[in-house]
Amino acid sequence: MVGFEEWFCVAKVDLITGFLGSGKTTFIKRYARYLLGRGERLGIIENDYGAISVDRMLLDEELGDECEIEMVVAADEDCYKRRFKTKLISMGMLGFDRVIVEPSGIFDVDEFFDVLHEEPLDRWYEVGNVVAIVDAGLTGDLSEESKYLLASQVAGAGSIVLSKTDGMGSKELGKTIDRLNQLMQQFECDREIMPQQVLKKHWEELTGADFEEIAQGHYVSAGFVKRPFVSLPDSHQSLFYYHLAMGEEQIVSMTEELFSHDDYGEIYRIKGYISSGDHGWIKLNATKKEREIERVEAGQEVLIVIGEKMNRERIGEYICHCSRTKDVTFGQTAHHCRHKGAD
């Protein structure tokens, strides 16, 4: 009798990293569409540190009938690693050609490698590419923790893909690459990012050859000094709001207000589904630069505000003021950098 490991093929695992609101989910839709089009059997794992994954729903709307989309939810690092490993084992037994992993925007890339080096995953999978999605409008006013997280994601990336390049010329895009190299130097990384190593096209212009280069790419082994960070209660947060009801105009106004004023904190992304009050739903997926507001047939009653050093009370008061319902409830998940420190 032929054993399981004698007939199945080793699957590739691609990790798609990127800071909060950088466009990971949008990129995965395009990348997955290319891989499916060339006949690959594809699985996708969404990781998050909260109870709800709006990103999974966004992917499921477009890809759910063509590939397996799973979600890993965990409240702490140890729980996450156990569940992530279990999910990879179950997917490994389904015979996928490739698994794409989209972590939360607050993620230690080393956790990914740690899990894949454990039995039996080290025999079932090989690391494909690590793709870092970087907002082309990257500024230098990130917190030290945010800078470190971004640097750790870019350091090992086999492909660096700039997002939100609309209206940016070669000089501006060059400055973005300069900022990435400044981060490499700040955290003593031995990698220098060259312009030709960065995909700078507008995503509407990406070709099959571009995606093929990513699919055939491999992670980079770059050394940098690990820095332990103290978990702070006001670091990266996800604020959850339930039982909201608004029309499209109210949603547009609310989104503009929250992104426009610093006294709400540093908000990176607002996403979720809001009841329109007429037995329908409005999907919201917004960053400072981009807004996606669309009526949909199905939704999940939650709005998630993601950011850093946010004023929870002020944001909650304003969102409740915008909602037509009076029974709004909320919750909160804090995300912390979990590096163990230098080896």
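**Entry 1: an aromatic cluster**

I started with the rings and found that Phe27, Tyr31, Tyr34, Trp203 and Phe211 form one aromatic cluster. I keep in mind that this is a predicted model. Counting ring pairs across the structure, I got eight. The one I opened was phenylalanine 27 with phenylalanine 211: the ring centres are 6.2 Å apart and the planes meet at 45 degrees, so I noted the pair as tilted. It joins distant parts of the chain, since phenylalanine 27 belongs to helix α2 (residues 24-37) and phenylalanine 211 to helix α9 (residues 208-215), 184 residues apart.

Next I looked up burial. Phenylalanine 27 has a relative accessible area of 0% and is buried; phenylalanine 211, at 7%, is buried too.

Phenylalanine 211 also pairs with tyrosine 31, and here I wrote down "stacked", with 6.3 Å centre to centre and 25 degrees between the planes. Tyrosine 31 sits in helix α2, 180 residues from phenylalanine 211 in helix α9. Both of these residues are buried.

**Entry 2: charges over rings**

Which ring does the charged end of arginine 41 sit over? I found the ring of phenylalanine 96, with 5.4 Å to its centre. I then checked arginine 314, which lies over the face of tyrosine 264 at 4.9 Å from the ring centre.

**Entry 3: leucine 258**

Tyrosine 264 turned up again among the contacts of leucine 258, along with Ile267, Ile270, Ile315, Tyr318 and Ile319, leaving aside residues up to four places away in sequence. I placed leucine 258 in helix α10 (residues 248-260). Leucine 258 is buried, with a relative accessible area of 1%.

Note on methods: Residues numbered from 1 in each chain as written. Predicted model: local features only at pLDDT ≥ 70, side-chain atom pairs only at ≥ 80, totals over all residues. Heavy atoms only, no water. Helix = DSSP H or I, 4+ residues; strand = E, 2+ residues; numbered from the N terminus. Buried < 20%, exposed > 50% of the residue type's maximum accessible area, 1.4 Å probe, protein only. Contact = heavy atoms within 4.5 Å. Phe/Tyr/Trp six-rings, centres within 6.5 Å; stacked < 30°, edge-to-face > 60°. Lys NZ or Arg CZ within 6 Å of the ring centre and 35° of its normal.
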